[in-house]
Amino acid sequence: MTSIPSGVVTLLFTDIEGSTRAWQDHPGAMRDALAAHDRELRAAVVRWHGHVFSTGGDGFAVAFTGVADALACAAAAQRVVPLATAAAGLALSVRMGLHSGEAVERGGDYFGPTVNRAARIMAIGHGGQVLMSAATAALAAQLPERTNLAPRGEHRLKDLAEPEPVVELVLGERADGFPPLRSLSRPRSNVPKVRTAFIGRVSEMSALRTLVSERSLVTILAPGGSGKTRLAIELAGQMRELFPDGVWFVDLAGATGSEAVLTAVIEAAQLSVSSTQPTDVHSITRTMAGWRSLIILDNCEQVVDAAATVADALAGECPEVRVLSTSRRPLGLVGEQLWRLEPLGVTEEFDSGQTSDAVRLFIDRVRLTQAGFSPSLRESAMIARICARLDGLPLAIELAAARVATLGLGELAIRIDETAGVPIGTRRSSRHQSLSAVIAWSHDLLDAAEQTVFRRLAVFSGDFTLRAAEAVVSSDGVTERQVEGIVSSLVDQSMLAAQHGAHGVRYRFLETIGSYARALLAESEEADGVRDRHLDWFYSASAELVRDRQRFTWSPQSQDVQNLRSALSWSAARRSADSTAEFLGYTALPLAVHVEGIALTKQIASELRERSGELGARGLEYLQFTSLWGAEMAGNFAVADALASSLRDTSGDESLWFVASVLLAHHRSVSEPRAAESILDDLDVRFGPAPITRLGHAEVALTEQRFQDAVACLLDGLGVRDVPALGRARPDHEFVLLVELSCALQLAGRTDEALVVSEMIVDAARPGGFGFFGNLLESITATWQKDHARAIERFDVALTQLRAWKIGSGIYDCLLAAMLVAELVSGPELAAEIGGALRVHPHHWIGFFALRRQAGRRLREQLGDEAYEAAQRRGAERSVTEALDGLTAFLGLDQRAG
C-alpha cells in the first residue's frame, strides 16, 4: 500500500500468548519461532493491504481501510502462524482484536479511543482467538471462507466506562472453543482458599445470603473462635457469581490504624487509586462507585473506628457494593445489619440419626490425622459430650480433635472435664471462657518442654524462622536440637501455624492462641531473659548482614521488621547507649524501608542524642552511620555524601569504612566516575571482589554509557553468565542488582531480557513495596518495545503501589517512567515537559539516571534545542506531583482515582 489508511479505519492488534515464559524457557527456539511468526504475519498484512504502524513487544498493530481485508488477514494468519512456528521449533499461539472507527494519525502512528478499544479487546482473548467490537462486526459484509461470527456477550474492558459487546470470528476448523474471556466481567476474587471441609451452617448460610443480597452492610458478630472468618469465606465462594466486579477479602487482623485499613482495602481489591494525592476513603469509593462487588472486612474489632469509616463510605457512596464485616463488636453504623453467629448446634446426648454439626466437624478434623476414623455409637456419644463441654466453638473443637491421635477419646474427655472445672451439663455465660479453657487444656496437654517452647515463642512479633526460634528459645532445659521437633509438634497440634513461601517456612501464632502465649510469657519469671535472647539474636543477625561484604547491598528486604522494632525498643530500655546505637546502625537500612521503622529509628536516635554523655566513640560513630542511611533513603544525597566522606576519613571500624566507601563511590559514579572507579578498585584489592563492588563498577559503566560492560558486571555480581541462568529471582540481598540489571539490559537494547528480569522482581517481591520497582521497569521496558497497553497498565499499577506502600523517593523514579510513557503515547513535547520536573538527580538507581539522561538526549534531538529547553522550563515550574497529575489526567488514569 502506498498511503496510510485515514478516516474510518479498522485496527488489528495481535499478541503472542505466553511469550515471556517462552523466552525464559526456550530462548533459542523462541528466536526462530518469532522470526517465522513475523514473516507469516507480515506476509498476510501485505496480501490484504494493511499498514503496520507499531510492533510493540512481540505483537503487531495494523491499520486497514476495509473490514473485509482486516478479517481476511486475521483468519489467514491464525491458520498459518501456528504451523510455521511449529515447523521452526516452537508452536506459538496468537490472540487478535479488531475495532473500527476514526483514529488520529500522526507521524505514521495512531492515537485515540479506537486504538485503545482495539488493544483492550485483544487483551481479553486467548491464543488462537480473533475478537472484534460490535462496530467491526456490523461492517463485516463479507466474511473469510470457513468462518462465521459468534456473539460473546457484553464485557467490561479496562479503562472503558460502558460494557462492550464482543464478537468472535470463529474459524471453521476450531471446534474446541476457548475459556471464558479475560474481561473485567469475569468474576474476580482474592478470597483465600481453605483446604479443610466446611461443615454445617446450612441455615446460617441461607440467611446470610439473603441479608447480603438485600443490605448494604452486614456484620457477623461472635466471640473469637466461633468461625466468623470461615463462614464469610464460604459465603464469598457461593456468591462470587453475583458480583462481576469481584469478591474481595480484606484481612484486618494485623492492621494498627486507619491508614493501615485503607491500604489493606486498596491492596486486597487491587484498586488503582491516585498515587499523587493523599489516600483517603473517598479515593476508594470514587474508584468503586460503579462496581458490583462484595467487600469482606475481616477481624474489625481492633480497628473498629477505621473499619467503620470505610464500611460507611462504601455502603453510602457505592450503591452496588455490599460490605460484609466480621467482628466481636458492632461497627455502630446507621443501617448496619447485625447478625449474631451462634455456636455449632450440639447436645451431650447423642442420637445416631441426628448427628450435630459440632460432632461432624470433630470427626472430620480427626480424619485429617486418622483417615479411617469411624467412631462407634459409644465413641460418638463421647464426642458429643466433648463438643457440648466446648460450647460448640469451632476453634475449640478443632484444637480438641487435634489431640485424639495422641490421647484417645476417653483420656481427652476426662481432661476436658477436669480443665473446665464446672459440673457436666452446666453452660458458661461467656463463650470467651470456653475458648480460653480449651486453649488452656490444649496447653496443659503439652509436655514440659513443649509448654516452655510455646511460651517462649510468644516473644516474636509477627512471624519467625526456625533458626531464630532455635536461638531464642533454647535455654534452661530446652536444647537447640530439641526445638525443631517441638515446633513441628506444636504445628501438628494446631498450636502454631506454618507458612510456606518462596523463601522457606516461617511460623506464627493464630491471634487468640498468640494472646494466650504472650500472657503466659508475661507472667513467667523468664520473660526478661527470653527478650534478651530475642534481642541478641536479631542484634547478631543484623550485625552479620552489615559485616558480610558478600551479602551486603543497599536495600535488603526483610520479613523481620516487626521483630527488629521490638528488639530495638527492648535494647533502648535495657542496654547501654553504645550498644543501642550500634544496633540502631545495623537496623537502620531495613527499618528505613517501612514507615513505622523510620519513626522508631528517629525516636531512638533522638533519645540517644539526649544521652550523648553516655556515648563513647563507637556509639557516636554508629549514630552517624544511622544518619547516613536515613539521609540516603530519604534522598538527601548531599548530606549522605558528606556523612559517607566523614566516616571514610575517620572510622576505625572496617565494616563501616567499607559501607561508607561503597556509598561514596555510588554518589561519585555520576559526578566523578573515575574517582568512583578508583574507590572501588581499592576495595577490590583490600577485600576482594564482592557483589556490591561489582554493582559499583556497573554504575560507573552505566554513567559512561558502556552498557554491555554494565550488564556483564551485574551478571558477575549475581554469580551467573547470562540472563536465562538466573531462573527465578535471586535472594533478597541481590534485589538491587536485579533492578540495575533490568535498566542496563534496556540501555543495551536487550529489552526482552530486561522484561524477564523485571518480571522476576515482581514475582519475588515480598510484602513491603519492592514489587513497585519491577512494575515500573516493566512499564519502561514496554516503552522501548512500543507496547502502549502494557506501558500504561504497568505504570498505573506502579503508581498505586507507590502511594499504598510509601516508597519515598520512588516518586522520582515514577516520574522517569511517566516521561517515557508520555513520549510513547503523546510525543516528545509532553515528555520533555514532565522531565523538566526532575531538576536534579534524585534517583537512588544509577540505571534510572542513565535512562533519564538518554531519554533527554533523544527528546532534544526530536524537538531541537530551543523547543526542548522551553518545555523543560515549563516543567521546572511544576512540582513532581503536579507533573505526575498531568500525565495521569492525559492517560485517563485519574478517572478511576477521582
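Over the ring of which residue does the charged end of Arg-858 sit? The ring is that of Trp-784, with the charged end 6.0 Å from its centre. This is a predicted model, in which local features need pLDDT of at least 70, side-chain atom pairs count only at pLDDT 80 or more, and totals for chains, interfaces and linings use all residues. Residues are numbered from 1 along each chain as its sequence is written, and side-chain values use heavy atoms, with hydrogens and water left out.

**View 1. Charges over rings.** A charge sits over a ring if NZ of Lys or CZ of Arg is within 6 Å of the ring centre and within 35 degrees of the ring normal. Arg-858 with Trp-784 is one such case. Arg-686 lies over the face of Trp-657, at 4.4 Å from the ring centre.

View 2. Strands (E, at least two residues) and helices (H or I, at least four) are DSSP runs, numbered from the N terminus. Two strands pair if DSSP finds at least two bridges between them. Strand 4 (residues 94–102) and strand 7 (residues 130–133) pair in the parallel sense over 3 bridges. Here Gly-97 stands opposite Leu-131. Axes are lines fitted to C-alpha atoms, for helices over the stretch in contact; angles run from 0 to 180 degrees between N-to-C directions.

View 3. Pairing is parallel, in the order 11-12-13-10-14. Strand 11 (247–251) and strand 14 (337–340) stand at the edges. The twist averages 20° from one strand to the next. Strand 12 (residues 294–298) pairs with strand 13 (residues 322–327) over 4 bridges. Ile-296 stands opposite Leu-324 in strand 13. Helix 7 (residues 228–239) runs at about 160° to strand 13. Helix 8 (residues 258–268) touches strand 11 and strand 12, its direction making about 145° with that of strand 11.

**View 4. Aromatic pairs.** The structure holds 15 of them. Rings of Phe, Tyr and Trp (its six-membered ring) pair if their centres lie within 6.5 Å; planes under 30 degrees apart count as stacked, over 60 as edge-to-face and the rest as tilted. Phe-658 and Phe-687 have ring centres 5.5 Å apart and planes at 90°, so this pair is edge-to-face. Phe-658 lies in helix 27 (residues 654–671) and Phe-687 in helix 28 (residues 673–687). Phe-658 is buried, at 2% relative accessibility. Buried means under 20% relative accessible area, exposed over 50%, partly exposed in between (1.4 Å probe, protein chains only).

**View 5. Salt bridges.** The count comes to 36, each a side-chain nitrogen of Lys or Arg within 4 Å of a carboxyl oxygen of Asp or Glu. Arg-574 and Asp-532 meet at 3.3 Å, N to O. Arg-574 lies in helix 22 (residues 561–574) and Asp-532 in helix 21 (residues 527–547), so the pair ties together parts 42 residues apart in sequence. Arg-574 is partly exposed, at 42%, whereas Asp-532 is buried, at 19%.

Methods. Contact = heavy atoms within 4.5 Å.
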